[in-house]
Amino acid sequence: MAYEGIGVNYGHHLGTLNSDEVRNDMLFLRGIGVNKVRVAMPTFTSSSAIAKVREVATIAKSVSQYVIYGVTAGDGTAFDQTEWTAFKAQMPSEALWASQNGIDEFSLGNEEELHNDDVSPTDATIRSDIKSLATTIKASYPSLIVSYQTAQTHIANWSSDGIGNLDKIGFNCYGGAGTFYTDVKSIVTNFVSDGYVSEFSTNDGISTFSEQQWESRIRARRNLLQELGVSSGYFFAYTDGSFGLPTDVWAIKKSDGAFRQSLNSISNKRKLII
């Protein structure tokens, strides 16, 4: 049975941008019934990376994909209050671009609680500031869906604090089958249709599995998302090799253009790889 909520994280290979490749990928995904794309989130200070993912988002929209776009404060080192303040100041202009370009869902960051210096801002401050940003941006762009995505380890914190004026919250869910079930069940229980899974895979991609083993594990996770009624689940990732990711570890589509067998586990149409 088709799972209309299935999506992919895309763009984690964009050392260089090939617009034709991106368009072909988006059309291919549409053809197998995958109609949701969460584009890679660049650091807010990288104008070149932002330009690349904006082009990806624009191409995806041109072929009728549902698109999540946003930027992150994290750059591989722990950010402090000064950097966090600068990040917050940039978000209204990012929201303006998203609104002007028909982006379906604008994200206020990704796993920011994992990227801060844990001194200033604290995790609690980040959650509070994200909700304040959502209020500000919703006031200017009421029709724009505003969301935030973070690690599965923060499900309880967001459940306790509430999501404020965020329209949606996504959680990046990894770990073994038992952990995955517990986390996804908690998302459904605490957030109902406002919560979803913004990333899912095994802990280390395919690195410890055969092709058949990896497909089986990804399929089991996809089936669980569907069975529990999760509105959206975005596989991580369609491509890799940039944005700090190694090559051919997380991706369904490898650097040589060949597909892994696990493509079958996200397709809504047919078995594609034997």
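Tutor: In this predicted model, a pocket is an open set of grid points where a 1.4 Å probe fits, with protein on both sides within 12 Å along at least five of seven lines.

Student: How much space lies in the largest pocket?
Tutor: Rolling a probe the size of a water molecule over the atoms shows where empty space is left. For the largest pocket of this model, the space comes to about 580 Å³.

Student: Which residues lining the largest pocket are the closest to its centre?
Tutor: The lining holds 26 residues, and by class these are 10 nonpolar, 12 polar and 4 charged. Strand S2 (36-39) and helix H4 (112-115) each supply at least two residues of that lining. The residues closest to the centre are Asn-110, Glu-111, His-115, Glu-199 and Phe-243.

Student: In which order do the strands of the closed barrel run?
Tutor: Strands of a sheet pair through backbone hydrogen bonds, either parallel or antiparallel. Here 8 strands close into a barrel with parallel pairing, and neighbouring strands are turned by 25° against each other on average, with direction ignored. The order is S1-S2-S3-S4-S5-S6-S7-S8.

Student: What is the bridge partner of Asn-110 in S5?
Tutor: Asn-110, one of the residues closest to the centre of the largest pocket, belongs to strand S4, which spans residues 105-110. Strand S4 pairs in the parallel sense with strand S5 (residues 145-151) over 4 bridges. In S5, the partner of Asn-110 is Gln-149.

Student: Are helices H3 and H5 roughly parallel or roughly antiparallel?
Tutor: Two packed helices are described by the angle between their axes and the distance between the axes. The axes of H3 (residues 81-100) and H5 (residues 123-140) come within 11 Å and cross at roughly 25°, and the crossing is right-handed. Because angles under 35 degrees count as roughly parallel, the relation of H3 to H5 is roughly parallel.

Student: At roughly what angle do the axes of H2 and H3 cross?
Tutor: Helix H2 passes H3 in a right-handed crossing, and their axes come within 12 Å. The two helices are roughly parallel to each other, a term that covers angles under 35 degrees. Their axes cross at roughly 30°.

Student: What is the handedness of the crossing in which H7 passes H8?
Tutor: The axes of helix H7 (residues 177-191) and helix H8 (residues 211-227) come within 11 Å and cross at roughly 20°. That angle makes H7 roughly parallel to H8. The crossing in which H7 passes H8 is right-handed.

Student: Where is the residue Pro-121, which a cis peptide bond joins to Ser-120?
Tutor: Most residues other than glycine have a negative phi, and most peptide bonds are trans. The bond between Ser-120 and Pro-121 is cis, with omega about 10°. Pro-121 has its place in the loop between H4 and H5.

Student: Which residue does a cis peptide bond join to Phe-236?
Tutor: The residue in question has its place in the loop between strand S8 (233-235) and helix H9 (263-266). The omega of the cis bond is about 10°. The residue joined to Phe-236 is Ala-237.

Student: What is the phi of Ser-64?
Tutor: Ser-64 is found in the loop between helix H2 (47-62) and strand S3 (66-70). Although Ser-64 is not a glycine, its phi is positive, at about 70°.

Methods
Residues numbered from 1 in each chain as written. Predicted model: local features only at pLDDT ≥ 70, side-chain atom pairs only at ≥ 80, totals over all residues. Heavy atoms only, no water. 1 Å grid on protein atoms, 1.4 Å probe; cavity = no way out; pocket = protein on both sides within 12 Å on 5 of 7 lines; lining within 4 Å. Points joined across faces, edges and corners; volume = space filled by probe spheres on them. Nonpolar A, V, L, I, M, F, W, Y, C, P; charged D, E, K, R; others polar. Pairing = 2+ DSSP bridges. Axes fitted to C-alpha atoms, helices over the stretch in contact; angles between N-to-C directions. Parallel < 35°, antiparallel > 145°, perpendicular 65-115°, else oblique. Left-handed = near helix turned anticlockwise from the far one by under 90°.
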